[in-house]
Amino acid sequence: MLNLLFSSIITNGEITANSFLGATLCSLAIGIFIAFMYTLGNKYSKSYVVTLALLPAIVEVVIMMVNGNIGAGIAVAGAFSLVRFRSAAGTGQEITTVFLAMAVGLATGMGYIGIACVFAVIISVVNLILNKSSFGEKGDSVRTMKITVPEGLDFEGVFDDLFERYTTSAKLEDVRTSGMGSLYKLTYTVSFRNGVSVKAMMDEMRQRNGNLEISCSRPIAGKSDEL
């Protein structure tokens, strides 16, 4: 029974009406399942979710058409390499889900319906569990600090003693000018020591930057989290 689950519905490389319809329907069902699992706990757009639902069936048909034809397979691989999936780079989570949908399409295109179903369920469930857990998250002490300083202040090293007292690490991530060059905006990633007062640190910083704007917030997922 288990061997039947992991065997191909396509025998001798011949595609029949039953095998084509069975693989396509299974691809659509798994694609919808993958799309639904992605909506749990992730930001998404309707177009992206619809793409995830249809992608396995599209890949499945492509694989069926080039089955056993090495020349056609190479041509299709070259064509796919020229296609840019999204106009903007996706996050690691989006790319992972796209590869999952493509892998399912590859499996169903070769007739391995059971492998496609089991693989999709395992990866989707593990992905959901990891996203819901604290796996890979930065500690609560990590913050992003944005400090505005006047152009006449030499910001290099001016806050080092404060960072040494209040944080375990501080890294300058970005420097940019503002206000027609009259101001500098510094962005730091800092990790606060246990029990320190963030307000006290910001008050001391205000005395050095001329009481200009200072912000302290949790890190926001952005390009640094993308692949």
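There are five salt bridges by the rule used here, namely a side-chain nitrogen of Lys or Arg within 4 Å of a carboxyl oxygen of Asp or Glu. One of them joins Arg-208 to Asp-161, with the closest N and O atoms 2.7 Å apart. That pair links distant parts of the chain: Arg-208 is in helix H8 (residues 198–208) and Asp-161 in helix H7 (residues 160–166), 47 residues apart. Helices here are DSSP runs of H or I, at least four residues, numbered from the N terminus.

A word on the source. This is a predicted model, where local features need pLDDT of at least 70 and side-chain atom pairs count only at pLDDT 80 or more, while totals for chains, interfaces and linings use all residues. Residues are numbered from 1 along each chain as its sequence is written, and side-chain values use heavy atoms, leaving out hydrogens and water.

Back to H8. Asp-203 pairs with Lys-199 at 2.8 Å between the closest N and O atoms. Both sit in helix H8, four residues apart, about one turn.

Buried means under 20% relative accessible area, with a 1.4 Å probe and protein chains only. Ile-34 and Met-37 are among the buried residues of H2. Ser-124, in helix H6 (residues 113–132), touches both, plus Phe-33 and Leu-100, not counting residues up to four places away in sequence. Contact means heavy atoms within 4.5 Å. Ser-124 is itself buried, at 5%.

Definitions and conventions
Helices (H or I, at least four residues) and strands (E, at least two) are DSSP runs, numbered from the N terminus. Buried means under 20% relative accessible area, exposed over 50%, partly exposed in between (1.4 Å probe, protein chains only).
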